[in-house]
Amino acid sequence: MLVRSFAVQLSLLALVLGGFEVALSQAQMPTRRFEQPQSRNYSDAQDASFFSTDTDLNQALPVQFQSGAQGGSSSRTSTRQASLSGNNQRTPQSFAVRLARAPNMMGDFLGQLSESGQMDLFIGPSVQQTTSTNDFHLIEDDGMKTVYVGGPSGNIPGSIYSPGPTPPAPDLVLGLMSDVPGLFYAQSTLDDYVDVYDDPSAIDPDIYNALVYDIYQEVEFVLPNPSAADFVGRVRVQDNNSPLPKDRVFFDYNLFTNVPLNAAGVDVNRFAPGFEKTFLNKMASIDVRVPMALTLNSSISADGATDSSHSEFGNLSLISKFLLTSTETCAVAAGLGLAAPTADDMELGLSNGTQLIAIENDSTHLLPYIAALYTPERSNCFVLTYLTFDFDTIGNDVLANVNGTGLEQIGVLQDQNLVTFSLAFGSWCYENYTRGNMIKRIGWSLETHYTATLNDADTVSVGNFQIGDPNQDLSLVNQMIGAHMQVGKTIFTGGYGVPLTSSDRVFDGELRFFANRYF
């Protein structure tokens, strides 16, 4: 019995000593517990299961700007913890989810005003026949003799012109048998006299020592702006954009009604697929857009019908974005956009194939901007603002058929530089982030856009030809109202806009639909 009791006591002593040794070992070499950081993605930032309370959902860090919060599956990282780095310093990525949830600005613009122009197209030399009828007949030199255009007496269409009324000028003529309808005039050469034959085989001339008159046609035309890219629309940085860098693909559709691309007005259906990709740890992004439209044909007929629902490719745009500063309620960004000259050249001609004018799409436009986003605390409201500029770098070459011998370069035409201030205000009126719920939120926004020219309009003129109006400028205010709905990871936006200014309007109404898929 004593032995058994002694053995029990030794066992108890061993257990005590062993526990002391283990405790001592743990005191000398403390252990640390490391938890694997949770993997988050953008969709987590919009799912209620990621947050323990509605407050966390409304204020926690958006995933694309996370600073590496840690925590187990059963614990939640607070807003303050998420916005601090390991050394207890606030990081540049400290944003609230409501900043990331603010929708993009819709935008408002197409292009500048169209303008009318006039040029005198040289038709050819003529003589005035007064023996039987008082007509001007086109003539040509066949190398041996001067003969009528169109055979004997110039009786084939395209050769005879009849004097018009005395006012506004005695030499005004009308093309009776011309294949080019319009208003013509005969300008005397003053000292050029020729003998004219019915045909090269004739021995005696039909008219002796006739004074030569040059026939010109007065051609009136309407050009958009005139800029080749305005058929599809100017690139606008603020269109479907936000100051926050984001990873997304998107598709934009715009309907502009009664755009003054010609005298009658044109409805323009514009489409712009594109994508935005972040870099520099989600602090910057690049935005690529490929605009195209069903619009007025860039090859315009001056004396016939021009297709007003023609497929046209616009200027490809690349827009950079850099986040400058941020708080939990505000973000400020700036960047530079480039509009590359990928749209077709603009051409103006006659129905018989005669080319009158060509404006080449040569210039790259620079689009610097600064933008801000503000979301008040304890509020579902949001405010976006953009200040953007549009600078033409080198201008576009202008070619014209001044002498009737074909197109020749006569100058370079600069697009007017633009400045735009845009302000948007809105609010989310429905939010439901319950797991499995597809419609996350629904909201509205109201936007005001003011656009003005920064310089006088450029002109190019040679002889009786002129394009551009030095008195043209632009000062307009447009208003947009729209609605936004998030379904899963996609935000759909629809809006309608009207001009608030009676003059300088570039459309009567504008309908917009956007789809942004975030990833």
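# Briefing: strands, hairpins and confidence in a predicted chain

With a disulfide taken as a pair of cysteine sulfur atoms within 2.5 Å, the count comes to zero disulfides. Please keep in mind that this is a predicted model. The mean pLDDT of the chain is 77, and 72% of the residues reach 70 or more.

**Confidence along the chain**

- Among the elements of the chain, strand β18 (residues 365–374) has the highest mean pLDDT, at 97.

- Cysteine 330 has a relative accessibility of 26%, so it counts as partly exposed.
- Cysteine 381 is partly exposed too, because its relative accessibility is 23%.

**The five-stranded sheet**

- What is the order of the strands in the open sheet? The five strands run β12-β16-β17-β20-β21, with mixed pairing.
- β12 (299–301) and β21 (408–413) stand at the edges; each has a single partner strand, so one side of each is left without a neighbour in the sheet.
- From one strand to the next, the twist averages 20°.
- β12 and strand β16 (residues 346–349) run parallel and are joined by three bridges. Across this pairing, serine 299 stands opposite glutamate 347 in β16.
- β16 and β17 run antiparallel, with four bridges between them. Here methionine 346 faces isoleucine 359 in β17.
- These two strands, β16 and β17, form a hairpin with five residues between them. Glycine 353 lies in the turn and has a positive phi of about 100°.
- Strand β17 (residues 355–359) also pairs with strand β20 (residues 396–400), in the antiparallel sense and over three bridges. In this pairing, alanine 358 has leucine 399 of β20 as its bridge partner.

- Strand β26 (residues 475–487) and strand β27 (residues 490–499) run antiparallel and are joined by ten bridges. Within that pairing, glutamine 479 stands opposite valine 498 in β27.
- How many residues lie between β26 and β27 in their hairpin? There are two, and glycine 488 in the turn has a positive phi of about 65°.
- β27 is also joined to strand β28 (residues 509–518), by eight bridges and in antiparallel fashion. Glycine 495 has arginine 512 in β28 as its bridge partner.

- The side chain of serine 445 makes a polar contact with the side chain of histidine 484, at 2.8 Å.
- Setting aside residues up to four places away in sequence, serine 445 touches Met106, Phe382, Phe425, Gly426, Met480, Ile481, Gly482 and His484.

**Threonine 278**

- Threonine 278 is part of strand β9 (residues 266–279).
- Its relative accessibility of 8% is why threonine 278 counts as buried.
- Not counting residues up to four places away in sequence, threonine 278 touches Pro245, Lys246, Asp247, Ala284 and Ser285.

**Tyrosine 208**

- Tyrosine 208 belongs to strand β7 (residues 207–224).
- With a relative accessible area of 55%, tyrosine 208 is exposed.
- Leaving aside neighbours within four places in sequence, tyrosine 208 is in contact with Val194 and Asp195.
- Tyrosine 208 and valine 196 are twelve residues apart in sequence, and their C-alpha atoms are 6.7 Å apart in space.

Note on methods: Residues numbered from 1 in each chain as written. Predicted model: local features only at pLDDT ≥ 70, side-chain atom pairs only at ≥ 80, totals over all residues. Heavy atoms only, no water. pLDDT = per-residue confidence, 0-100. Polar contact = N/O pair within 3.5 Å; in protein donor to acceptor, adjacent residues only side chain to side chain. Contact = heavy atoms within 4.5 Å. Pairing = 2+ DSSP bridges. Axes fitted to C-alpha atoms, helices over the stretch in contact; angles between N-to-C directions. Buried < 20%, exposed > 50% of the residue type's maximum accessible area, 1.4 Å probe, protein only.
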